[in-house]
Amino acid sequence: MEEKNCEILFEYLRDIIYDSENAKLDLEQLDEPFWKLGKGLQYLDKAVKEVKHYSAEISKGNLSIEAPGRDNFLCENLKNIHANLNHLTWQAKQVAKGDYSQSVSYLGEFSEAFNTMTKQLKEREQYLKQEAEREKTHANMVESYNQLLIQLIERSKEDILVLSKDRQETLYCSGKSLSDSKHREIYEICRERLAEKLAEVEAEENACECEWEWEEQVSDHRYYYVATGFMEWQGEKAYAHIIRDITEEKEREEKLEEKAYLDALTGIGNRNLLVGKMKEFLEKSKKFVFCYCDLDHLKYINDTYGHEEGDWYLNHFVDIVQEQIRKKDLFARIGGDEFCIAIEECDKAYLRERMQMIQEAFRTR
């Protein structure tokens, strides 16, 4: 009898340990003295099933599972682990919110790893805050510089045109309308000159970083000075053209040049113009006739009738000469009453006739 009961109970115990889902015991198969032991094994079967289910859910991360009752002594350690995991979950959430004061002291190596992580996160946060503050300071500084630069550009007489290096497309224009014909022509010329320059220096080292200055005259006879140089514009290689209208400067230069080469009283060429033209004729081996004219009695007229009459005397002579020579002929005053005529492509007979007519007109008029 004992052997039969032991066999039934042993098989039940083995199923509890290895295959608890299929473990079953019919107490009626046992003799009455073994019922108490059978009921004990049934209690163990229930406890083991609870342990397996409880541990399976925890292993899957289901921390909301309800823990078995106090009567299941097999779950005590699992309950402790469950409680620790719940607390760690809460601490992790606090750390995620920025509370780096959280620490763990009851999980051995994991505690050390967790505490090291929170320390490093705190240090990283402090570093990022410092970097953010530096970036903010730098951004504010750049913004103030940009505002200053914009004000300077707006007040400047120069126009700024930024073109991309590869496509020659407009990246920036300092306020003047691209559709304004007055500026559009010089902008297009800048684009063409940039393409030509880049093609010219393409094979040279550091070709994309060249700088140059140049002047340009557009169709409406306006003159521009342009300084062109390489730069990076918002991460793209580009060229900035600083454009200044120098038309008035050119006109002043031309007027000054005219004054430098024209006689103030008569309006004809002066000694400087004559010397320059003579050098040009000689360098080019041009044939020309040179005539020297010296008026008489200028001092007498000035002393007797005054300098205004003397000036009229000189201008009267100039008017007569200009009537008899061609516009392309050179006529210059080289002294008080000294004049020179330089005539290209002229034969002697024509020149003799012109000089005689000048003398006759000056004598009779």
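Is Glu 360 buried, partly exposed or exposed, and what is its relative accessible area? In this predicted model, Glu 360 has a relative accessible area of 39% and is partly exposed.

**View 1. Salt bridge between Glu 360 and Arg 363 in helix H10.** The closest N and O atoms of Glu 360 and Arg 363 are 2.7 Å apart. Both residues belong to helix H10 (residues 348-364), where they are three residues apart, about one turn of the helix. Arg 363 is exposed at a relative accessible area of 61%, whereas Glu 360 is partly exposed.

**View 2. Network of Glu 158, Arg 244 and Glu 249.** The structure as a whole holds 21 salt bridges.

**View 3. Salt bridge between Asp 245 and Arg 222.** The closest N and O atoms of this pair are 2.6 Å apart. Asp 245 is in strand S5 (residues 236-245), and Arg 222 is in the loop between strand S3 (212-217) and strand S4 (223-233). The two residues are 23 residues apart, and the pair links distant parts of the chain. Both partners are partly exposed: Asp 245 has a relative accessible area of 29%, and Arg 222 has a relative accessibility of 25%.

**View 4. Salt bridge between Asp 263 and Arg 333.** Here the closest N and O atoms are 3.3 Å apart. Asp 263 is buried, with a relative accessible area of 14%. Arg 333 also counts as buried, at 15% relative accessibility.

**View 5. Ring pair of Tyr 300 and Tyr 305.** The count of aromatic pairs comes to 11. In the pair shown, the ring centres of Tyr 300 and Tyr 305 are 6.4 Å apart. Their planes stand at 85°, so the pair is edge-to-face. Tyr 300 counts as exposed at 51% relative accessibility, and Tyr 305 is exposed with a relative accessible area of 55%.

**View 6. Aromatic cluster containing Tyr 313.** Ring pairs link Tyr 313 with Phe 317, Phe 331, Phe 339 and Phe 362 in this cluster.

**View 7. Lys 197 over the face of Trp 212.** Lys 197 is 5.3 Å from the ring centre of Trp 212.

How values were computed
Residues are numbered from 1 along each chain as its sequence is written. This is a predicted model: local features need pLDDT of at least 70, side-chain atom pairs count only at pLDDT 80 or more; totals for chains, interfaces and linings use all residues. Side-chain values use heavy atoms; hydrogens and water are left out. Rings of Phe, Tyr and Trp (its six-membered ring) pair if their centres lie within 6.5 Å; planes under 30 degrees apart count as stacked, over 60 as edge-to-face and the rest as tilted. Buried means under 20% relative accessible area, exposed over 50%, partly exposed in between (1.4 Å probe, protein chains only). A charge sits over a ring if NZ of Lys or CZ of Arg is within 6 Å of the ring centre and within 35 degrees of the ring normal. A salt bridge is a side-chain nitrogen of Lys or Arg within 4 Å of a carboxyl oxygen of Asp or Glu. Helices (H or I, at least four residues) and strands (E, at least two) are DSSP runs, numbered from the N terminus.
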